[in-house]
Amino acid sequence: GRGRMQAVSSADKLRAAFATFGQPDLLCSSLRAPRPHPEPRWPTTAPECPQKRPPASAPFPGAMATQITLRSAEGDNFEVDEAVAFESQMIKNMIEDTGSEAPIPVPNVSSKILAKVIEYSKYHVDNSPEAEGENKAPEEEIKTWDTKFVEVEQSTLFELILAANYLNIKSLLDLTCRTVASMIKGKTPEEIRKTFSIRNDFTPEEEEEVRRENAWAFE
């Protein structure tokens, strides 16, 4: 949308320039009937250099960030900076398609989980390499923060995985999935069932067949 508007604006300026300086009739007549050169008139004062204006969308010091309203499954509204909302590729695409005047519905994410997702996104925006300021956390501190962030109940962790997948927040999805993988690593199937309270609905015969077909996984 924005690129198209700039292209249209540039085209209009180009047409205006041709209309002012390149009218075909005037151009042809000037070629057919050259005019005598007038005596040069030197300017008495130096011309002023036009000041270049920044684009209308360019931020300036002290400018307030654009606010986006997200609406959870329960209908609760959360106001966040645009950069925080854009951590979600799904929300970013939605805003670029439909705008951000109305609240952005997030029907698959509860208020509790959306608050956690916003907390994660805000921390990573504030400490990203592109963030301004000198108080950004070093990489090791960010890793420590991430580790503590996912020290939650299993139900919350699984809801975060679903929310990260739905909202298309790759870094959060990677973090939560790595956490689950570390909880599984080195455990037997029985230990995994116990860890995640999974009921074994295989018969002994079915389980033996699965073990035989996937012997590499039990080595």
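Asp 201 has a relative accessible area of 54% and is therefore exposed, since exposed means over 50%. The model in which this value was computed is a predicted one. Asp 201 is placed in the loop that runs between helix 9 (189-196) and helix 10 (204-213). On the surface, Asp 201 gathers with Glu 205, Glu 206, Glu 209 and Glu 213 in a patch of negative charge.

Attention may now turn to the aromatic side chains. A pair of aromatic rings is described by the distance of the centres and the angle of the planes. Five aromatic pairs are present in the structure. In one of them, formed by Trp 145 and Phe 149, the ring centres are 5.2 Å apart and the planes stand at 15°, so the pair is stacked. The cut-off behind this term is that planes under 30 degrees apart count as stacked. Both Trp 145 and Phe 149 belong to helix 6 (residues 139-149), where they are four residues apart, about one turn of the helix. Trp 145 is partly exposed, because its relative accessible area is 22%, whereas Phe 149 counts as buried because its relative accessibility is 4%.

What is the angle between the ring planes of Phe 158 and Phe 196? The planes of these two rings stand at 40° and the centres are 5.8 Å apart, so the pair is tilted. Phe 158 lies in helix 7 (residues 154-167) and Phe 196 in helix 9, so this pair ties together parts that are 38 residues apart in sequence. With a relative accessible area of 33%, Phe 158 is partly exposed, while Phe 196, at 13% relative accessibility, counts as buried. Ring pairs also link Tyr 120, Tyr 123, Trp 145 and Phe 149 into a cluster.

Side chains of opposite charge can pair when their charged atoms come close. The structure holds eight salt bridges. One of these joins Asp 126 to Lys 122, with the closest N and O atoms 2.9 Å apart. Asp 126 and Lys 122 are four residues apart in helix 5 (residues 111-126), so about one helical turn separates them. Both residues are partly exposed: Asp 126 has a relative accessibility of 38%, and Lys 122 has a relative accessible area of 44%.

In helix 6, Glu 139 and Lys 143 are four residues apart and thus separated by about one helical turn. These two residues form a salt bridge whose closest N and O atoms are 3.8 Å apart. Glu 139 is exposed, because its relative accessible area is 56%, whereas Lys 143, at 44%, is partly exposed.

Which residue forms a salt bridge with Lys 170? The partner is Asp 174, and the closest N and O atoms of the two are 2.8 Å apart. Lys 170 and Asp 174 lie four residues apart in helix 8 (residues 170-184), so they are separated by about one helical turn. Lys 170 is exposed, with a relative accessible area of 58%, while Asp 174 counts as partly exposed at 30% relative accessibility.

Technical notes
Residues numbered from 1 in each chain as written. Predicted model: local features only at pLDDT ≥ 70, side-chain atom pairs only at ≥ 80, totals over all residues. Heavy atoms only, no water. Patch = residues over 30% accessible without salt bridge, like charges linked within 9 Å, V, L, I, M, F, W, Y side chains within 5 Å. Areas by Shrake-Rupley, 256 points an atom, 1.4 Å probe, with all protein chains shown as cover. Salt bridge = Lys/Arg side-chain N within 4 Å of Asp/Glu carboxyl O. Lys, Arg positive; Asp, Glu negative; His and termini not counted. Charge placed at Lys NZ, Arg CZ, Asp CG, Glu CD. Helix = DSSP H or I, 4+ residues; strand = E, 2+ residues; numbered from the N terminus. Buried < 20%, exposed > 50% of the residue type's maximum accessible area, 1.4 Å probe, protein only. Phe/Tyr/Trp six-rings, centres within 6.5 Å; stacked < 30°, edge-to-face > 60°.
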